[in-house]
Amino acid sequence: GAEGHVFPMRVGQQLIGLVVCGPRLAGQRIADELKLLASVTLKIAALLYTLETNTQRAFVLYVANGGSKIPRYLCTRAKALIGNRATI
């Protein structure tokens, strides 16, 4: 609308955030600009999702490998989650 635009940051059906662009001082955004903003928003969402997934994987590997003061049952569960890839 006249007050700006909101672009959803989605990965599949999961909404992970929004990019909100306020109104332009010089007037309305053109269609090409809106397409570019939508495309960039999707790429940012994919990047954030990948970073979060990598962080979670690193934590599971840390636990599986018996990280600092991790209870043995958690190490066993983490190893079961990642199978034979339990080494960093």
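The structure is a predicted model, in which local features require pLDDT of at least 70 and side-chain atom pairs count only at pLDDT 80 or more, whereas totals for chains, interfaces and linings use all residues. Residues are numbered from 1 along each chain as its sequence is written, and side-chain values use heavy atoms, with hydrogens and water left out.

The chain contains two helices and two strands, and its order along the sequence is β-β-α-α. These elements are DSSP runs numbered from the N terminus, with helices being H or I runs of at least four residues and strands being E runs of at least two. Along the principal axes, the C-alpha atoms fill a box of roughly 60 × 20 × 20 Å. The radius of gyration of the chain is 20 Å, whereas a compact globule of 88 residues would have a value near 12 Å. This radius is taken over C-alpha atoms, and the globule rule is 2.2 Å times the number of residues to the power 0.38.

Buried residues account for 18% of the 88 residues; buried denotes under 20% relative accessible area, exposed over 50%, and partly exposed the range in between (1.4 Å probe, protein chains only). Of the contacts between residues at least 6 apart in sequence, 34% join residues at least 24 apart, where contact means heavy atoms within 4.5 Å.

Strands β1 (5-11) and β2 (14-21) pair in the antiparallel sense over seven bridges; pairing requires that DSSP find at least two bridges between two strands. Within this arrangement, P8 is placed opposite L18 in β2, and R10 is placed opposite L15 in β2. Two residues lie between the strands of the hairpin, in which G12 adopts a positive phi near 65 degrees. H5 belongs to strand β1 and is buried, with a relative accessible area of 18%. Apart from neighbours within four places in sequence, H5 is in contact with V19, V20, C21, Q28, R29 and L34.

Helix α1 (31-64) comprises 34 residues, which should span 50 Å at 1.5 Å a residue; its end C-alpha atoms are 49 Å apart, in agreement with that value. The expected span is defined as 1.5 Å times one less than the number of residues. Residues T41, A45, L61, V63 and A64 of α1 are buried, and the buried residues of this helix pack against β1, β2 and α2. T41, located in helix α1, is buried at a relative accessible area of 2%. When residues up to four places away in sequence are not counted, T41 touches F7, P8, M9 and V19.

The largest nonpolar core consists of five residues, namely L61, V63, A64, A78 and I82. A nonpolar core is a set of buried Ala, Val, Leu, Ile, Met, Phe, Trp, Tyr and Cys residues joined through side-chain atoms within 4.5 Å. Helices α1 (31-64) and α2 (72-82) are the elements that give two or more residues to this core, and α1 gives the most, with three. V63, a residue of helix α1, is buried with a relative accessible area of 7%. The C-alpha atoms of V63 and L74 are separated by 6.9 Å, although the two residues are eleven apart along the chain.

The loop between α1 and α2 includes N65, which counts as partly exposed at 38% relative accessibility. The C-alpha atoms of N65 and G22 are separated by 47 Å, and these residues are 43 apart along the chain. G66 follows α1 and has a positive phi, near 75 degrees.
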